[in-house]
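Visitor: I have a model open and some questions about it. Can we go through them one by one?
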Amino acid sequence: MAQPTAAADVVIETRGLAKQYRGTLAVDGIDLRVPRGSVFGFLGPNGSGKTTTIRMLMGLIAPTAGTARVLDRPMPRAARAVLPRVGALIEGPALYGFLSGRDNLVRYDSADPTADPRTRAARVDAALDRVGLAAASGKKAKAYSLGMKQRLGLAAALLQPRELLVLDEPTNGLDPQGMREIRALVRELAADGTTVFLSSHLLDEIEQVCTHAAVMARGRLITQGPVEELAAGTHGRLAVTGPDPAEARRVLAGFGVTGLTADGDRVTGDLPADPAAVPDLAEINAALVAAGVRVRGFGRERASLEDAFVALTGEGFDVAG
Amino acid sequence: MSRAEPAAGRREQPATVETQDHATGPEARPAAGAARPPRWHWTLGLFRSELVTVFRRRRTMALCAVLAGVPLLVGVAVRIETRGGGSVGGGGRGDAGPAFIEQVSNNGLFLTFAGLAATLPFFLPMAVGVVAGDAVAGEAGGGTLRYLLVAPAGRSRLLLAKYASVLVFCLAATLVAAVSALIVGFALFPVGDVTTLSGTSIPLSEGMLRALLIALLVAASLVGIAALGLFVSTVTDSGIGAMATTVGLLITVQIVDNIPQLHAVQPYLFTHYWLSFADILRDPVTWTAIGRNLGLQALYAAVFGSAAWARFTSRDITA
């Protein structure tokens, strides 16, 4: 995935994108690349500049410096050509409380100059169906729960077939069931070929659905790339569980495993960084058995994005910038 | 080519089609003749949607109810006042301003003029100030503005739709007051030939026509404050703040317009020629003040409309 890709394969590309608010740099010169067809996780603590970046990508605020291209057109200059092909949920849903759910969608659809009024009703029905709100579509939006509002916001983003969906914290305020449904919807959309740009401060959410991710902290883009590469940046650790930790430690050390630590009956260590030097795990297992080490659990633990984040920023994730 | 399906089939449009050789994908869109390229009249959908949004608000209905209630109140008061042998107004009262109230008991049609004269200085512009002030700021405060803009409504287009719908509200609000006055006037008082301010008499049918013309002039008198309110609305993210500012400006201007020492600036105040509509009831009609009023309103619309546009098209939408 690291090979250079043609411009057509990138749906979002920024160069030195920056935004300054009254002296403070909210976004500090980021170079973001979102490949077409990816589910791209945009990760960072609250206040790290995610939403400001998204607003610049959507043409809502003008960058102080740098450029942004969305769907291969410059933003905000080409907003009129680009945005009909982009669905967006930005900083939570916003609805007209005195209008019904359906009428809210009719309003947002009317605002799109590329939307044919003759097929508006069908579009609105399809979008309501897709987020499971068809039954409640006649209710006034002010009577909706937060989860229902979030769904209606998603429905507005799905009124047209989109090439790119920008979802800013889409699972905020949802219960676990609702979160699962959103994740299923994101996977479904991605399977249809829609690129999904998903911002979140929840690591496991990104890890569950995203193919690619970028990490923001204090206005800077710290890293970006395929999720497995980010996680691989912090090496996975080999773990052996059993009643003979001391013996296990000796055997593992013989295979060049470094940084061995024993925690009760569990021994963990880093495999060599050089891929050529990594021994076959089956060999290690056989050696453990041959040495009479009783093994209850054996395997390589995948590093999580959280490990990656901590490794990248050297701090806990929940720090508000 | 990606837009080549008929609208019903648009849902299936796979995004992967876009990765084909035409690097200038979006430009190819208008050329796709068989497709449904945006038609110019689709853009009216936004204007219609604006109207629905304005008129379905309970606040708009309440404002209209107040505007309908004022002529009713005036009519009932006059009726009670004149029950025991009413005072007969002695024709026009000269240039001091419309005193139509005295003629109402003679001719119910005059309640239309009296009603408009009573609502124009405050109730009508206040209603317009509320609707115009809320137009952009209310959407910004509610967060719906960002979704309209990413739809994408287009900033100029949205602002134009908003101003147009505020102008429609100006007309609707004026007509509500006028029609309410007409109904109450015809129900409570005798109706007949109309005595003009010049003392001549015109038939009722022509009087009705002139009443309509007056209603249109009153609505046109609100064009200036509508533009002012819209400009204020683009400056803030608080709908209430924009409404209060607009109504506050209205009151200030009304006060300045009534301080004789400030006569130098008065001809430039948007309220200054408001009551010129009474000239329609002269025979022959004198158009000088009416023309000045319309010119002044156009000036305000141009100045504050441009200011609103300049502000709205360049501002960061952070709410």
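Guide: One term to begin with: a nonpolar core is a set of buried Ala, Val, Leu, Ile, Met, Phe, Trp, Tyr and Cys residues joined through side-chain atoms within 4.5 Å. Also, this is a predicted model.

Visitor: Fine. How many residues has the largest nonpolar core, and which have the most contacts inside it?
Guide: The largest core has 158 residues, and Met58(A), Phe197(A) and Phe100(B) have the most contacts inside it. The largest share of this core comes from helix H6 of chain B, residues 155–188, with twelve residues.

Visitor: What is Met58(A) in contact with, leaving aside its neighbours within four places in sequence?
Guide: Within chain A, Met58(A) is in contact with Met75(A), Leu83(A), Val86(A), Ala88(A), Ile90(A) and Val166(A). From chain B, Val150(B) is on the list too.

Visitor: Which residues are in the other core?
Guide: Another core, of twelve residues, lies apart from the largest one, and Leu238(A), Val251(A), Leu271(A) and Val293(A) are among its members.

Visitor: On to the interface. How much area do chain A and chain B bury between them?
Guide: About 4300 Å², with 53% of it on carbon and sulfur atoms. Leu60(A), Phe98(A) and Arg107(A) supply 15% of the area that chain A buries against chain B, more than any other three residues.

Visitor: And how many residues does each chain put into the contact?
Guide: Chain A gives 51 residues and chain B gives 45 residues.

Visitor: How many salt bridges are there between chain A and chain B?
Guide: Four. In one salt bridge, Arg107(A) pairs with Glu139(B), and the closest N and O atoms are 2.7 Å apart.

Visitor: Which elements of chain A supply at least two residues of the side that touches chain B?
Guide: Strands S1 (10–21) and S7 (86–89), along with helices H2 (79–82), H3 (101–110) and H4 (120–130). The largest share, four residues, comes from H3(A).

Visitor: How do the residues on that side of chain A divide by type?
Guide: Into 25 nonpolar, seven polar and 19 charged.

Visitor: Different topic. Where is Arg282(B) found, and why does Arg282(B) count as buried?
Guide: Arg282(B) sits in the loop between helix H9 (239–256) and helix H10 (288–314) of chain B. Arg282(B) counts as buried because its relative accessibility is 18%, and the cut-off for buried is under 20%.

Visitor: What does the side chain of Arg282(B) join in a polar contact?
Guide: The side chain of Asp279(B), at 2.9 Å.

Conventions: Residues are numbered from 1 along each chain as its sequence is written. Chains are lettered from A and ligands numbered from 1 in the order in which they are written. This is a predicted model: local features need pLDDT of at least 70, side-chain atom pairs count only at pLDDT 80 or more; totals for chains, interfaces and linings use all residues. Side-chain values use heavy atoms; hydrogens and water are left out. Contact means heavy atoms within 4.5 Å. Buried area is the accessible area (1.4 Å probe) that two parts lose on being put together, summed over both. A salt bridge is a side-chain nitrogen of Lys or Arg within 4 Å of a carboxyl oxygen of Asp or Glu. Ala, Val, Leu, Ile, Met, Phe, Trp, Tyr, Cys and Pro count as nonpolar, Asp, Glu, Lys and Arg as charged, and the others, Gly among them, as polar. Buried means under 20% relative accessible area, exposed over 50%, partly exposed in between (1.4 Å probe, protein chains only). A polar contact is a pair of N or O atoms within 3.5 Å; within protein, one must be able to donate a hydrogen and the other to accept it, and residues adjacent in sequence count only if both atoms are side-chain atoms.
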